[in-house]
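Dear colleague,

I am handing over the structure below, and my notes on it follow. Please read them alongside the coordinates.

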Amino acid sequence: MAASSRALVLDLYRAMLRESKHFSAYNYRMYAIRRIRDAFRENKNVKDPVEIQALVNKAKRPWNHFSTGPHWSTVFDRQAGH
Amino acid sequence: MNTILVHSESSISAFERPHRIVLLGAGKKPGIWAVTDPRTQSASSWSTGRFLWSSLLQSSGPAVSGVACLDRCPHSVGTDVMHLFLCLQQVASLIGADPREIIFTSGATESNNIAVKGVARFYRSRKKHLITTQTEHKCVLDSCRSLEAEGFKVTYLPVQKSGIIDLQELEAAIQPDTSLVSVMTVNNEIGVKQPIAEIGRICSSKKVYFHTDAAQAVGKIPLDVNDMKIDLMSISGHKIYGPKGVGAIYIRRRPRVRVEALQSGGGQERGLRSGTVPTPLVVGMGAACEVAQQEMEYDHERISKLAERLTQKIMKSLPDVVMNGDPEQHYPGCINLSFAYVEGESLLMALKDVALSSGSACTSASLEPSYVLRAIGTDEDLAHSSIRFGIGRFTTEEEVDFTVEKCIHHVKRLREMSPLWEMVQDGIDLKSIKWTQH
């Protein structure tokens, strides 16, 4: 159980970092990569499976509660005037 | 969910049939009501908003806050209201308020106008005096100026060298006919934090309403309207990384703050701000508030580190650099530095190129010497050569380093060319020079 959840979390981490590279705006891209890395590192010693699941759900949550639009990584591309 | 059939009394939109009213949320006093009109689904000619009059539902019982329902394909009326309800909660929880106390506006400027003019005008028969500071945002100062033309008296409190107001002066300035004190939480030019909790305490003890323009502070420093005894607060959407063109105003309900509406119309937002609520912008702001609440600690720590890095590097490499504003009571994300013996405009031109190329998130430089710097007593020449560095959630270390490098380079270059700098190096006191015309 613990091993598979670890693998799942690592998969999620890698997937999120991969998606973050698609932000075309430099600032948002760097922020996403940095924040994801810091958040996962901060919680790396969490042992309680319920808490782990809650954190995973929080990570998977879309940007807003009513997302019917494009993929979240492209949300800011139109505003990327930098 | 209870369902009630009610007849509309509205005269503007000709409702003939009874409407089904859906109660959202359990309990005796629902916060928001939604109106679903059976006709909405078919006709697309109803392109304008459908209004929900609070009087309509007051006649049916429970107290209600008026809500504008947007009728827009493909969303049904109910969805928009749910969006708004959630956004009210998101904004309110960020400042410790009740969702019913939040009203959406077009931005902090409008919120400031509503707060200052609305409160002053409502109590105009009994109270004719307002207090604000000299370092407030232009919209507050301009609102006060227009109120002076209407016959109000306004006291513009001076600030100390640190940028913070003197609390004794504030207390002395409060008169029996003062209706409002308006002091911004974090100054947008020098980043100084005013002692809001103390000001709130003074104002509530003297029974004067306290308004704060918290556009730069919301979501960045912890704020609680009840702990700090704030009666009105202006919130800006785009300052917390939300969309532009939306803001909010917090207006206390207990004890109730009465405000005269600036904008007449359909009676939306408790009659205080008529006009269709811009749902897409409000959803964005709500999401931004929620994110800001979660990220506040992380952002603050990071921004403090970057700000420290920036100031340390610049001050280590360059002499005669002055930081404007109190170093302790200071929000780290807004740093205002004055570079002595440097021609302000040329430094600005040089750094303007930098800001454009490295990403405008980092540096924001304004041209004319601002009234804020004058208010804190900065000399004319230092005021001209001041630059404001803005560091935010998305600023990277590389950007900070790049800006620091360019800044040091250009300041050194300009000082080489400056005759004033030469004289200072030779030990001449500039104040003793008698400049002649020829």
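**Backbone and loops of chain B**

B:Lys207 sits in the loop between α6 (196–205) and β10 of chain B, where helices (H or I, at least four residues) and strands (E, at least two) are DSSP runs, numbered from the N terminus. Phi of B:Lys207 is near 60 degrees, a positive value in a residue other than glycine, and B:Lys207 is exposed, with a relative accessible area of 68%; buried means under 20% relative accessible area, exposed over 50%, and partly exposed in between, with a 1.4 Å probe and protein chains only.

Please bear in mind that this is a predicted model, in which local features need pLDDT of at least 70 and side-chain atom pairs count only at pLDDT 80 or more, while totals for chains, interfaces and linings use all residues. Residues are numbered from 1 along each chain as its sequence is written, chains are lettered from A and ligands numbered from 1 in the order in which they are written, and side-chain values use heavy atoms, with hydrogens and water left out.

The loop between β12 and α7 of chain B holds B:Arg270, which has a positive phi of about 60 degrees although it is not a glycine, and which counts as partly exposed at 24% relative accessibility. B:Pro255 is found in the loop between β12 (247–251) and α7 of chain B, and the peptide bond that leads from B:Arg254 to B:Pro255 is cis, with omega near -5 degrees.

B:Val225 lies in the loop between β10 (209–213) and β11 (232–236) of chain B and counts as buried, at 0% relative accessibility. Leaving aside residues up to four places away in sequence, B:Val225 touches B:Ile95, B:Gly96, B:Ala97, B:Ile230, B:Met233, B:Tyr250 and B:Arg252, where contact means heavy atoms within 4.5 Å.

Two packed helices are described by the angle between their axes and the distance between the axes. Axes are lines fitted to C-alpha atoms, for helices over the stretch in contact, and angles run from 0 to 180 degrees between N-to-C directions.

Helix α3 (residues 108–122) of chain B packs against helix α4 (residues 138–149) of chain B at an angle of about 30 degrees, with axes 9 Å apart. α3(B) and α4(B) are therefore roughly parallel to each other (angles under 35 degrees count as roughly parallel, over 145 as roughly antiparallel, 65 to 115 as roughly perpendicular and the rest as oblique). By class, the contact of α3(B) with α4(B) has six nonpolar, five polar and two charged residues, where Ala, Val, Leu, Ile, Met, Phe, Trp, Tyr, Cys and Pro count as nonpolar, Asp, Glu, Lys and Arg as charged, and the others, Gly among them, as polar.

Helix α7 (residues 279–317) of chain B and helix α11 (residues 397–417) of chain B pack at about 20 degrees, with their axes 10 Å apart, and α7(B) and α11(B) are therefore roughly parallel to each other. Residues of α7(B) including B:Arg302, B:Leu306 and B:Arg309 meet residues of α11(B), among them B:Glu397, B:Val400 and B:Asp401. The contact of α7(B) with α11(B) has seven nonpolar, one polar and six charged residues.

Chain B has 12 helices and 16 strands, and 55% of its 438 residues count as buried. Chain A has three helices and zero strands, and 22% of its 82 residues count as buried.
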